[in-house]
Amino acid sequence: MGRLDGKVAIVTGGAKGLGKAFCFGLAKEGAKVVMAAHRLDTDEAKQAAKDIEAKGGMTVEVDVTNEESTKLMAEKAVKKFGRIDSLVNNAAFYYGAGRKAFHEISSEDWDKALDVGAKGAWLCARAVFPYMKEQNKGKIINLSSDTAFAPTKGMINYITSKAAVVGITRVLAGELGKYNICVNAVAPGYTDTPASWTIGNVAKFDTSTTPLGRVGKPEDMVGAVVFFASDESDFISGQTLIIDGGRRVH
Amino acid sequence: MGMLDNKVAIVTGGANGLGKAYCLRMAQEGANVVVADIADKEAQAVVSEIKAAGGTALAIKADVTSEEATKNMAEEAVKAFGRIDVLVNNAGFYHGMSRKPFDEISLAEWDKMMDVSAKGTWLCCRAVFPQMKKQNKGKIINVSSEACFAATKGLIHYTAAKAAVIGITRVLAGELGQYNICVNVVAPGVIDTPGTRSYINMDKMDASSVPMKRFGRPEDIVGAVVFLASDDSDFISGQTLLIDGARRVN
């Protein structure tokens, strides 16, 4: 018996990295998972698609910056599974984002980070809202980052989008509470994913100021997402949970 | 299969209200529960309830303001169950506290509040620390309150003590991370318990400013405590999770 038996969960950016870990973590607890991704044609995505389908899930190609595309994503999920219980807004402009200083980041890269990370989360929440409202229940889990909770260097576009996610979370918690929709954020620290390796050398990351003494693994983030998607968190909304081994506190 | 199978969990103030709810639920999840309380008769009743449901539990009389008593509590727990995986620092001075303006609260009541809620939390952590250190793993869950997250009136002693608990949590997360001990806080909102009813009329409370349009029940809090006690939260430390239907955000 899983903690998410019979529930339907959409994960954006679901075909790789953390998103993929969320998909399989949610499926393991019994959820029917909608793996939504911008690119489903890579070898990794094709394999992930095959694996999630084998667990009763489905895939949807989505551009979270496009309103029509997000609406279609929600429609396809409901057509196949009849409802939407959880949305994990995981899609972000992170892979290959680089670690440039604020005056070296291009205007295009600023727009891209904010479009995917902030506007994308807003649009996906809008897309699933009618269904969650009708159900009088829903869970939205947004991905922030521990980088938004301390002085950092570089990646102002990415970090701004992750701070914006906290704002989106709080307003949605306020606006959607009356429909029994809970909206929370998880904020991972530096996590060992292929995308993190495009930002820096994960193996050489200085963990001396991390109380738990190591870099995160995708599996470290899954438990919190399952918790926020489950009925165990039905009275928790508007909150941000940092998962980074105690490096930042909130 | 429970989320806390074979784990040993101590809950201070476990005989009544929220503490009792934590004990019952953690036992359901497979934990061996130590119900620690100064009210030993009521603690014994909780143990009987757990045993009647097929669980394992032990009552220990403990005054958390006494170093000797907290050490004895930890020793008895280890003697009975061999280890200590979880400590829930739930004991607080709450039932019957004065809801007066700051200049009307007696010094004696201030001292009692700080002794039980702040010093008691610190002493219980000290008491279980050697065992958790030996295990190279442990989970400490402290209990704060949403009262510290907004401008409020009255209860300055309670609110100060509950804010102190957040400070204790952050320092312990920093100091104990190297031993793989995670320290986090849950901060409930207004919860319908006998303790709450001892100082306010719950039936006349206005929930219109709570996005989720109701106040909490003990069941609303237990899921987060189980999550933070479980292996699902092994990379989360130093964090504060509000559980109040989004009335405040953190």
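Me: In this predicted model, across which strands does helix α2 of chain A lie?

Reply: Helix α2 of chain A, made of residues 43–54, lies across β2 (32–37) and β3 of chain A, and the helix runs at about 165° to β2(A).

Me: In what order do the seven strands of the open sheet in chain A come?

Reply: The order is β3-β2-β1-β4-β5-β6-β7, and the pairing is parallel. The edge strands, each of which pairs on one side only, are β3 (58–61) and β7 of chain A, while neighbouring strands are turned by 20° against each other on average, if direction is ignored.

Me: How should I describe the way helix α4 and helix α5 of chain B pack?

Reply: Two packed helices are described by the angle between their axes and by the distance between those axes. Here α4 (residues 107–135) and α5 (residues 156–176) of chain B pack at an angle of about 20°, with their axes 9 Å apart. Angles under 35 degrees count as roughly parallel, and α4(B) and α5(B) are therefore roughly parallel to each other. Their crossing is right-handed, and the residues of this contact divide into twelve nonpolar, three polar and two charged.

Me: How many residues of chain A are in contact with chain B?

Reply: In chain A, 31 residues are in contact with 30 residues of chain B. On the side of chain A that touches chain B, α7(A) gives the most, with five residues.

Note on methods:
Residues numbered from 1 in each chain as written. Chains lettered and ligands numbered in written order. Predicted model: local features only at pLDDT ≥ 70, side-chain atom pairs only at ≥ 80, totals over all residues. Axes fitted to C-alpha atoms, helices over the stretch in contact; angles between N-to-C directions. Helix = DSSP H or I, 4+ residues; strand = E, 2+ residues; numbered from the N terminus. Parallel < 35°, antiparallel > 145°, perpendicular 65-115°, else oblique. Left-handed = near helix turned anticlockwise from the far one by under 90°. Nonpolar A, V, L, I, M, F, W, Y, C, P; charged D, E, K, R; others polar. Contact = placed C-beta atoms within 7 Å. Pairing = 2+ DSSP bridges.
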